[in-house]
Amino acid sequence: MASVAPSRRALSRRDFLRRASVAAAGLAMTGCGWRLAQVRPSPGAVGDPSKLYIYTWAGYTDELLIARFQKETGLSVVVDIFDSNEVMLAKLQAGGGSQYSIIYPSDYMVRQMRERNLLRELDHDRLLGLQDLLETYQNPSYDPKNGHSVPAAWGTTGLIYNRQRVDRPPTDWEFLWANRARLQRQVTLFNDQRETMGLALRRLGHSYNSQDPDQIRQAYEALRELRPAIAQFTTDGWKDRILAGDLTIAMGFSSDAIEAIEENDQLGYVIPASGSSLWTDTMAIPISAPNVEAAYAWMNFTLQPEVAAGMTQRLKFATASRRAIEQLPPDLVQNPSLFPSQSVLDRCEGIAPVGAATSLYDRYWTQLTSG
């Protein structure tokens, strides 16, 4: 994915008409790209018309991004954070969908939420920049033709490790089991059942998306065996601890790993050789969302190549926009943690719904994390 496609195609009449309709709905074009105009929610919109409520992962927004959006739209932004897709889903199923205009479900969760009619179908005539997406994201398997979501970021899951506390750098998940006796309470794994159960499945040679009860049981038992080495199940809480030298290894997203390494060059990141998850986080609109106009404004704002490139530079997650990649400095495009080689990506796997096996994952996860 590090390679870039040919430059953007010429503007067709159909594109022109579509952009004209978007401009009328609240976007204004400029000579160097597009600029958001002030958003005025349509009559009858639910919620505070002066605010955009976002439910997202930690690290997906910053003050600069929000300040610029507010300046260009007149909307203030309120951000709530979740640390797992399951937490986000539970909140929406409990009625939280009416609280947020934009949510950030991961790829497999988009499928689940579509099946449960929790997401609004997107009107592509109100969106700019979809034609600039990498080919992989023009028609993703988790959401054909981006019918209910827009890719916000992608990356890998791997191991962040302290070089000073390991004899040799880990190359695979197996390192955790092989060294579990001396890693007592020195490892953190995600508070995310599919990611953490998935790493154990992958280490055993199975798919992240296994629905085989025996394989799922084997993964659970392997994680129980590793339990004494695990200090905590946390998706974000490892960062301060590993930077302070209190942890040896943490399971982490590539974006978080890059940031941590910038703060401490004694840290390293590896995508396990037996394979890992290739995740995509998306932007979607809940079926009962307030201020839908504001939601489209946010999507269009973050799809701008300049904005997307800036987010990649500051927040360290890979963008799905070809034009944004073209604007990145060479050191970022060539960073294998941010844009892995195709041979590495071929060993990775997207997480997908597991159907009836979901209850089995739930049961084993509860046993593992409450033990």
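Reply: A search of the whole structure, which is a predicted model, finds 14 salt bridges.

Start with Arg-68 and Glu-306. They form a salt bridge, and their closest N and O atoms are 3.4 Å apart. Arg-68 belongs to helix α2, residues 63-73, while Glu-306 belongs to helix α11, residues 305-315. The pair therefore ties together parts that are 238 residues apart in sequence. Arg-68 has 27% relative accessibility, so it counts as partly exposed. Glu-306 also has its value: 48% relative accessibility, again partly exposed.

Next, Glu-225 and Arg-180. The closest N and O atoms of this salt bridge are 3.0 Å apart. Glu-225 sits in helix α7, residues 213-226. Arg-180 sits in the loop between α5 (174-178) and β7 (187-189). Parts that are 45 residues apart in sequence are thus tied together by the pair. Glu-225 is partly exposed, with a relative accessible area of 39%. Arg-180 is partly exposed too, at 31% relative accessibility.

Then Asp-256 and Lys-239. Their side chains meet in a salt bridge at 3.1 Å, N to O. Asp-256 is in helix α9 (residues 254-263) and Lys-239 in helix α8 (residues 238-243). The two residues are 17 apart, and the pair links distant parts of the chain. Asp-256 counts as buried, at 8% relative accessibility, because buried means under 20% relative accessible area. Lys-239, with a relative accessible area of 21%, is partly exposed.

Back to Arg-68 and Glu-306. Salt bridges that share partners join these two and Glu-72 into one network.

Last, the glycine. Gly-198 lies in helix α6, residues 193-203. Its relative accessible area is 1%, so Gly-198 is buried. What does Gly-198 contact, leaving aside its neighbours within four places in sequence? Gln-193 and Tyr-208 are in contact with it. Ser-276 is 78 residues from Gly-198 in sequence. In space, the C-alpha to C-alpha distance between Gly-198 and Ser-276 is 8.2 Å.

Note on methods:
Residues are numbered from 1 along each chain as its sequence is written. This is a predicted model: local features need pLDDT of at least 70, side-chain atom pairs count only at pLDDT 80 or more; totals for chains, interfaces and linings use all residues. Side-chain values use heavy atoms; hydrogens and water are left out. A salt bridge is a side-chain nitrogen of Lys or Arg within 4 Å of a carboxyl oxygen of Asp or Glu. Helices (H or I, at least four residues) and strands (E, at least two) are DSSP runs, numbered from the N terminus. Buried means under 20% relative accessible area, exposed over 50%, partly exposed in between (1.4 Å probe, protein chains only). Contact means heavy atoms within 4.5 Å.
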